[in-house]
Structures are given as structure tokens and as C-alpha cells.
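This report walks through a two-chain model, starting where the chains meet. Follow it with the structure open beside the text.

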Amino acid sequence: MTTPVTARRAGRADRAAVGLPRFLWIPAGLAFALIALPVVGLGLRTDWPRLPELLLSEASLDALRLSLITASCSTAICILLGGPLAVVLARGHLPGLQFLRSVVLLPLVLPPVVGGLALLYLVGRTGLVGQGLDLAFGITVPYTTAAVVLAQTFVALPFLVVSLEGALRTSGQRYEAVAATLGASPALAFRRVTVPLVLPGLLSGAVLAFARCLGEFGATIAFAGSLEGTTRTLPLLVYLARESDVDAAVALSLLLVVVAVLVIAIARPRTVAS
Amino acid sequence: MKLRLLAVGAAALVLAGCGGGAADPAPAESAFPEERTLTVFAAASLTDVFTELETRFEADNPGVDVVLNYGASSDLAQQLVNGGPADVFAAASAATMATVTDAGLIEGTPEVFAQNELQIVTAPGNPENITGFADLARPDLQVVVCAPQVPCGAAAEKIETATGITLTPVSEEPDVRSTLGRVTTGNADAGLVYVTDVASAGDSVEGIAFPESASAVTDYPIGVLTSAPQPELARAWTDLVTGADGQAVLTGAGFVGAP
């Protein structure tokens, strides 16, 4: 596996030699400020002395716990279902694949609330599938932790699929072809060649999906509801807290930012680009 | 270099274009000196009523444009405290108004111009046969309420305390409209919302009044901001709202009139 690494290094050296057009710095700086400064504002507005008290309340610990658990479950489902989907999209030969791909991207462009409503009208108590579940088994999906996971998975899936598909396409199929000529079955080549090759892409996709799950609000509130310990994740608590205690809302937002930054820092987004 | 100028110019244009619309609520006085803008921040539950009053006010005051900014009272209060420009603020609870009065932003004392009470809301025909507040504690029912952090939830909590009946809701929604939505979509058997929400939902739901709701009446205070660019118009607006015409529209929408 030395060749791709050297190729990547060479690519980086090329970029350095070409240099950066200077006029890009101004819009780039503005863009960065647009993202970074509001977060700085959040830090400035934080009531630091009260921070521990605000963050260690039972409601916020419950919400943090629920957020981490549901985001982990959702990410696992994203990998288990989204991984194969990405492979099919990148390597499959199906009519209408282009159309399938655009459907997969829908949650990226849809407002999450719309996603939540869509889920509600599918598996809600009066929904297409939900009505049957309710009548046959007495199962109500909304208001359960499973509903939170479902909402998060819905919005996060495209993040994993897109980054993994990108990794699959850029890695090419040369190694698989070689493996095939050496007698490996498609399944063996997939397991021994494809998966290790796109592991960084899968990892960064999973981290992106996890981060998206942590921040999910709209689909959750529209579909799952909000109840402490069951469905009230951190973003829902932030939204609620700002009604009664802005300091608490800011403190919880900061916590969410810190967790998100940690997640992204571990993932190192540049692996997405490679 | 030309390219850099072009890029900067384009960026400036984009920013100016995007930001221009909302930045200044009071447009520069143009050819008509009597063209004035009255900015009213109002609780979302007042949308129907204030939109109707806007038409009336603009007809009575030619050249005046009423700009209504509806939202959650607490959001609007935060906007005002953080410098949001407005002439009048009408809140859906005394607590949110207090945020603004405590900051010294309201002239005198806000006046309570309407009251709202909770009602039980169910599907049309009341299929679960709910007759009173105690029924909401039935374990076979999926009940939704507002979270205690928002006014409708605080009112629900007050009734629970007063009656000694504890509800076990399947969800505590962030606002009264999403609580109503759970019932209108059939995803909950019953909910606690304001009388006015039941009225606005029309035939898609049924409202059940219960006597205990009197223990948790929500006040709607209105006040003129000390920084109001149009203080006279602002007072004219509050006069309309608290006057006979305004009260008629309010009670028509299900509100209980000024106490």
C-alpha cells in the first residue's frame, strides 16, 4: 500500500509549488470569520462561573447521555446500511443509478423538519406503516428513543454515503482487478482489498454522520417528540432552555460545540478530500 | 489587481444585497412626510388577531405601514433586550414581558389586554371519551403537553399542582402549536393547548373545557418601548388593542378579554 501514500504526498508538493492566488485570501477570510465568529460570540456570552452548575444539572446530563447513545446507534446503522449503499452507488451497474443517488442526497437539502414530518406520516400512529404497527402489535414509534435514532439516521445517512462513495471512486478499481486476476472472488476482493483501501473514507464519513446526529434537531422534534431521558437530546434541550434560562441555553450550546469540535478534530476532515 | 477589486466589489455587493432588507425597519422618510412605519413585536398566538387589527389601523391612519414581527414571546423579548428595534411589544406571558421591563425598555407599566386559558384538545368527536382533566391521567391515553419552560407548559404544571393529578405525557413539546399538531395529526389522543389554538384549528379537533383551567390563566401584556421611533403611533396601537374594537376581535378569536 505504499503507492497511494507517495502519490498523495506528490500531490501535496505540487499544490505548494503552484502557490495560492492572493486575491482568494479576502473572501476566504470572510468565509472563515462567518463560521468562527458566531461561535466566539457564544463563548463571550457564556456565564463561565455558573457553567459547571448549568452543565451538571440532571436535565443536561440526561440529554448529553441520550445524545451520545442515540448518535452512536445512528452512526452504527449508517455504517451498516449506508456503507453497502455507497458501494452499490459507486460500483453498481443499474439503470437509474443517477436518480437513486439524487434520492440519497435528499436529506442533505431538505429541511430536517420536513424529514421529521415525512417519518411521522410513514411510521407515525396514523402513518402508512405506523397504522399497521399500532393495530397489529400496539407499537407506537414516535415518542421512543428508537424514533430519535431513526430521525438521526435519516439526516446523517447521506453524509456517510457521500464521503464513502467519494473514497471508493477516487481509489479506483485497479487493485480489485489485480486481485480478481489472481483468483480472488468478488467477496474476497471486497473484504481484503476494497474495505482496507477506503477505510479512511469510511471513518471520516462515520465521524461526519456522528457529528450530524449530535446536532440533529428538526427531524427529532417533529417526529420523536421531547421527553427528558427518552427523546430529549441536547439540541432539543437547548431549544427549550432558551425559553426560560438563556444562560443555560448558551452553556449547553457551548457543550455541543465542544463535543462537535472534538469529534471533527478526531476525524480530521482532510481525509475526506483525499 | 483588477480581479481582486472585482472580487471584493462582488463580495461587498452580495453582503449589501443580503443584509439590506431587514437591517432598517424604518425606511427613510421619502416624498411623503407622513409615511411612517410602526413596528409591532407580538406573540405568535396573536397572529390572527393582530393581522386583522393591522388592516383596521392602516385604514384609520393613512400613510402608516404596520410591520408585525410574530414569534415566541421569549425570542422576541431576547431580540428586544439585544437591541431589536420596535415600537410596541405584546407578550403572551407576564414573565416574558418582565424580561423587557426589567431591562428598562418599556414605558410605564405594561397593560394586560387579553387572557388565555387551557383546554383539552382531542380528535373530532372525542373518540376516547375524555370528560375532564382527571381523564388525562388515564394510562391508556397518549397525552402531549407543552414543556414547563414555555408558558402553556407552565400553566399545565400549575393545574397539575392545583388538582394533585400528575400527568405522564408521551412528549413535552417546545411550543403550543406542536402540541396541537400532535393531536391534529392523530399522533396523540389528547393534548393541553390554549382555547385560542382550539378555535384556530377549526373542525380538525374538538376542545373540551374544564373548570380547573381557571387556576392557570395566562395574561397577555402590551407595552410601548422607551426607544420607540414612533411613540404616538405606538400608543394609538395599544389604544386600539385595549379598546372596544380590539377587544371584540380578541374575544372573537377565543381570547378572554382584558380583566
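## Polar pairs and salt bridges between the chains

Between chain A and chain B, 13 residue pairs are in polar contact, both residues at pLDDT 80 or more. A polar contact is a pair of N or O atoms within 3.5 Å; within protein, one must be able to donate a hydrogen and the other to accept it, and residues adjacent in sequence count only if both atoms are side-chain atoms. The elements that give two or more residues to chain A's side are helix H6 (112-123), helix H11 (218-224) and helix H12 (234-244). H12(A) supplies the largest share, 5 residues. Chain A's side divides into 14 nonpolar, 6 polar and 5 charged residues. Here Ala, Val, Leu, Ile, Met, Phe, Trp, Tyr, Cys and Pro count as nonpolar, Asp, Glu, Lys and Arg as charged, and the others, Gly among them, as polar.

The interface of chain A and chain B also holds 3 salt bridges. The rule asks for a side-chain nitrogen of Lys or Arg within 4 Å of a carboxyl oxygen of Asp or Glu. Arg232(A) pairs in this way with Glu172(B), with the closest N and O atoms 2.9 Å apart.

## Basis of the model

The model is predicted: local features need pLDDT of at least 70, side-chain atom pairs count only at pLDDT 80 or more, and totals for chains, interfaces and linings use all residues. Residues are numbered from 1 along each chain as its sequence is written, chains are lettered from A and ligands numbered from 1 in the order in which they are written, and side-chain values use heavy atoms, with hydrogens and water left out.

## Extent of the chain interface

How many residues does each chain bring to the contact? Chain A gives 25 residues and chain B gives 25 residues. Contact means heavy atoms within 4.5 Å. The two chains bury about 2400 Å² between them, with 53% of it on carbon and sulfur atoms. Buried area is the accessible area (1.4 Å probe) that two parts lose on being put together, summed over both. In chain A, Arg125(A), Tyr143(A) and Glu243(A) lose the most area to chain B. Together they account for 30% of what that side buries.

## Chain A

Chain A has 14 helices and 0 strands. Helices (H or I, at least four residues) and strands (E, at least two) are DSSP runs, numbered from the N terminus. The C-alpha atoms of chain A fill a box of roughly 65 × 60 × 30 Å, taken along the principal axes.

Over all chains, the salt bridges come to 19. One of them joins the side chains of Arg91(A) and Glu176(A), at 2.8 Å from N to O. Arg91(A) lies in helix H4 (residues 58-91) and Glu176(A) in helix H9 (residues 174-181), so the pair ties together parts that are 85 residues apart in sequence.

## Chain B: two domains

Chain B splits into domain 1 (35-115 + 219-257) and domain 2 (118-216). These bounds come from an automatic or database domain assignment. The C-alpha centres of the two domains lie 27 Å apart. In the contact, 5 residues of domain 1 meet 5 residues of domain 2.

The area buried between the domains is about 440 Å², and carbon and sulfur atoms give 63% of it. Ser45(B), Ala253(B) and Gly254(B) supply 49% of the area that domain 1 buries against domain 2, more than any other three residues. Across this domain interface the rule finds 0 salt bridges.

In chain B, 6 strands form an open sheet with mixed pairing, in the order E2-E1-E3-E10-E4-E11. Two strands pair if DSSP finds at least two bridges between them. Strands E2 (64-71) and E11 (256-257) stand at the edges, each with a single partner strand, so one side of each is left without a neighbour in the sheet. E11(B) runs antiparallel to strand E4 (residues 111-116) of chain B, joined by 2 bridges. Gln115(B) has Val256(B) as its bridge partner in E11(B).
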